[in-house]
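Biologist: I have a new structure open and would like to learn how to read it. Could you take me through it step by step?

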Amino acid sequence: MAFALHNYAVAIILVLAIVQFEGTCGSHRPRPHKSLHFTLFQHETINKTGYMIVNGVEGGGEENSESPTPFGTLLVFQDPLTATANRSSKQVGTAEGTSITSGLDGLSSISVAKLTLRLKGHKGSVSIVGGTNNIERSDYPVVGGTRDFLFVQGYVTSSPVDVKGPTVVYQIQFHLYWPPYPPPSS
């Protein structure tokens with residue numbers, strides 16, 4: 001009899017522990033995904049914000065008058081990101097990275113960049129990597145982030161706006177998504 005009473009006591013304690021645990025777990029309602037979409041403009045001036053470290057091989061393939069970067073060119077850059085296409089508009093970030101011309105025609109490159117952002121309500125950096133077409137739109141996956149952009153996912157699109165003159169301007173569109181985090185414990 002004492003053994004049976006002991007089993008009931010253990011069962012009651014287990015049930016109470018489970019009920020109390022469920023009460024502290026909170027709700028399991030899905031939280032809405034946080035996202036951020038905006039556009040900035042990158043201004044790259046050769047020998048001022050972007051430098052050719054290694055000049056590529058002339059005649060390495062198809063010649064193309066639309067590209068000043070022959071096959072194998074290594075370019076490093078630290079370009080301002082502004083709110084509008086006008087260089088004198090407010091600077092809200094910096095794009096820094098490297099690009100290696102990988103297409104024999106000089107129009108495609110492999111690029112790696114860190115985009116440091118100082119936006120209203122968001123500060124930190126977004127890291128991207130991917131293939132660049134020098135005269136057409138290019139999409140880059142986001143591979144990392146810091147501060148307010150930690151664990152961010154998404155993609156960045158770069159489109160040439162003005163490729164004539166000493167400063168090349170690109171429109172940079174950000175499509176950023178944060179994974180759903182568990183609700184903060186109280």
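Biologist: Let's start inside. Which residues touch the most other members of the largest nonpolar core?

Modeller: First the general idea: in soluble globular proteins, nonpolar side chains tend to be buried together. In this predicted model, the largest nonpolar core has 24 residues. Those touching the most other members are F38, L115, L117, I128, F149, F174 and L176.

Biologist: Which elements give two or more residues to this core?

Modeller: They are β1, β3, β4, β5, β6, β7 and β9. The biggest contribution, five residues, is from β9.

Biologist: Can we zoom in on one member? What is L117 in contact with, apart from its neighbours within four places in sequence?

Modeller: Its partners include F38, F149 and F174, which are also on the list of core residues that touch the most other members. L117 is in contact with L40, L81 and V92 as well, and with H122 and K123, among others.

Biologist: Next, the loop between β1 and β2, where T49 is found. Is T49 buried or exposed?

Modeller: Buried means under 20% relative accessible area. T49 has 16% relative accessibility, so it counts as buried. Beyond residues up to four places away in sequence, T49 touches H43, E44, V76, F77, Q78, D79 and P80. With D79 there is also a polar contact of 2.7 Å between the side chains.

Biologist: N47 lies in that loop between β1 and β2 too. Is N47 buried or exposed?

Modeller: Exposed, because its relative accessibility is 57%. The phi of N47 is near 65°, a positive value in a residue other than glycine.

Biologist: Where is R147, whose phi is also positive?

Modeller: R147 sits in the loop between β7 and β8, with phi near 50°. Its relative accessibility is 63%, so R147 counts as exposed.

Technical notes:
Residues are numbered from 1 along each chain as its sequence is written. This is a predicted model: local features need pLDDT of at least 70, side-chain atom pairs count only at pLDDT 80 or more; totals for chains, interfaces and linings use all residues. Side-chain values use heavy atoms; hydrogens and water are left out. A nonpolar core is a set of buried Ala, Val, Leu, Ile, Met, Phe, Trp, Tyr and Cys residues joined through side-chain atoms within 4.5 Å. Buried means under 20% relative accessible area, exposed over 50%, partly exposed in between (1.4 Å probe, protein chains only). Helices (H or I, at least four residues) and strands (E, at least two) are DSSP runs, numbered from the N terminus. Contact means heavy atoms within 4.5 Å. A polar contact is a pair of N or O atoms within 3.5 Å; within protein, one must be able to donate a hydrogen and the other to accept it, and residues adjacent in sequence count only if both atoms are side-chain atoms.
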